[in-house]
Amino acid sequence: MASNVEAGKGKVVCVTGASGFIASWLVKLLLLRGYSVIGTVRDPNDSRKTEHLMRLEGAKERLKVTKANLLEEGSFDSAVEGCDGVFHTASLVALGVRDPQTEIIDPAIKGTLKVLESCKKSPTVKRVILTSSMAAVLCNGRPLNPDVIVDETWFSDPDICKEYGEWTGYVLSKTLAEEAAWKFAKENNIDLVTINPSNVIGPLLQPTLNGSSAAISVLFNGAQTFPNHTFGWLNVKDVANAHKAFENLSASGRYCLAESVKHYSEIIKILHELYPMLQLPNKCADDKPFNPTYQVSKKKAKTLGIEFISLEVSSREVVESLKEKKFIDF
């Protein structure tokens, strides 16, 4: 969503969970494109949630931060009333919770439905963009290998999601929330588009540490091993840019996003080349074969005009940002 002040002039949009990693970049780009933005946060009095947003260019004139909670009935009604579009990015990412159903899964599903319920009540809302995840795409038991190309026709299977150990709550929440959103949108004639990013890295606008950035910071903070995981990776700016599906009349359905798919060992290699003087873990957390890589189709993402930022650039950006915000120290 490159800067073009005319694009959003006179239009009002709502961004839920506006203080998050992806949402903060989305708010920044919407303001640069001339939109008036209503950003929802759970606690507008918490300066860690609002200060960085109010410093954005255009924020003083065209950003209003308001209170809304995914668990409260009708909480989003006033935020989306009169809006041209709604970007639902609010979501919980938490590992190691005691009760994934209550702490992550229920809030994700119920919260998404509450936002859509509010959109249904507002006749001005033309399109809703849901920030989903590749977690709602990949977890279906289909074998993955370097020749496999994953695309928008893949859907995660809730039963398979239950086999993902500490990730179960997250992958289930994303899968079931997106499933519920499509069902509700169809039944209520809501124009819905979903953005399904992989692991998102890049510069942080918010002062707090988000999950995917923490996964990088831990490698610099004394980790002895790296995980035996393979993920798609991409830059937060490309994810924000993909939300211009809102402006593209022919945009529809889902958009899978990944610049490249790498095992953690390859991420370590990239980081080591960027910062050769540093000690990084050189041993995998288990001695099982490395989780295989696969491909994610870029065909549909390219129709939104996205030219992905390279993983090397994204890696440097996230490390420099973590350093600047003192989450890592070297």
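Predicted model: local features only at pLDDT ≥ 70, side-chain atom pairs only at ≥ 80, totals over all residues.
Strands S1 and S2 run parallel and pair over 4 bridges.

Strand S1 covers residues 12-16. How many of the 5 residues are buried? The count is 4, so S1 is largely enclosed by the rest of the structure.

Now the whole sheet. Strands of a sheet pair through backbone hydrogen bonds, either parallel or antiparallel. Here we have an open sheet of 7 strands. Read the order with me: S3-S2-S1-S4-S5-S7-S10. The pairing is parallel. Which strands sit at the edges? They are S3, residues 63-67, and S10, residues 253-257. Each of these two pairs on one side only. From one strand to the next, the twist averages 20°.

Let's pick one more pair in this sheet. S4 spans residues 85-88, and S5 spans residues 127-131. These two strands pair in the parallel sense, over 4 bridges. Find glycine 85, and look across to S5: the bridge partner is arginine 127.

Next, the helices on this sheet. Helix H2, residues 47-54, packs on the sheet and touches S2 and S3. The direction of H2 makes about 170° with that of S3. Then there is helix H8, residues 168-187. H8 lies across S5, S7 and S10. Against S7, residues 192-197, helix H8 runs at about 165°.

One side chain in H8 deserves a stop. Tryptophan 182 lies in this helix.

With 73% relative accessibility, asparagine 189 counts as exposed.

On to the other sheet. This open sheet has 3 strands, in the order S8-S9-S11, and the pairing is mixed. S8 and S11 are the edge strands, and each pairs on one side only. Strand S11 covers residues 260-263. On average, neighbouring strands here are turned by 45° against each other, ignoring direction. S8 and S9 pair in the parallel sense over 3 bridges. Look for asparagine 199: opposite it, in S9, stands tryptophan 233.

Last stop: helix H9. Which residues of H9 are buried? The list is Ser212, Ser213, Ile216, Ser217, Leu219 and Phe220. Viewed down the axis of H9, these buried residues fall within an arc of 150°, so they line one face of the helix. What do they pack against? The partners are helix H1, strands S8 and S9, and helices H11 and H13.

H13 gets a closer look. Two packed helices are described by the angle between their axes and the distance between the axes. For H9, residues 211-220, and H13, residues 311-324, the angle is about 75° and the axes are 10 Å apart. That makes H9 roughly perpendicular to H13. Which residues meet? From H9 come Ser213, Ile216, Ser217 and Phe220. From H13 come Val318, Val319 and Leu322. By class, this contact has 5 nonpolar residues, 2 polar ones and no charged ones.

Now check what comes after each helix. H9 is followed by glycine 222, with a positive phi near 90°. The segment after H13 holds lysine 326. Lysine 326 is not a glycine, yet its phi is positive too, about 65°. Is lysine 326 buried or exposed? Its relative accessible area is 72%, so lysine 326 is exposed.

Key. Residues numbered from 1 in each chain as written. Heavy atoms only, no water. Axes fitted to C-alpha atoms, helices over the stretch in contact; angles between N-to-C directions. Parallel < 35°, antiparallel > 145°, perpendicular 65-115°, else oblique. Contact = heavy atoms within 4.5 Å. Nonpolar A, V, L, I, M, F, W, Y, C, P; charged D, E, K, R; others polar. Buried < 20%, exposed > 50% of the residue type's maximum accessible area, 1.4 Å probe, protein only. Arc of directions from axis to C-beta. Pairing = 2+ DSSP bridges.
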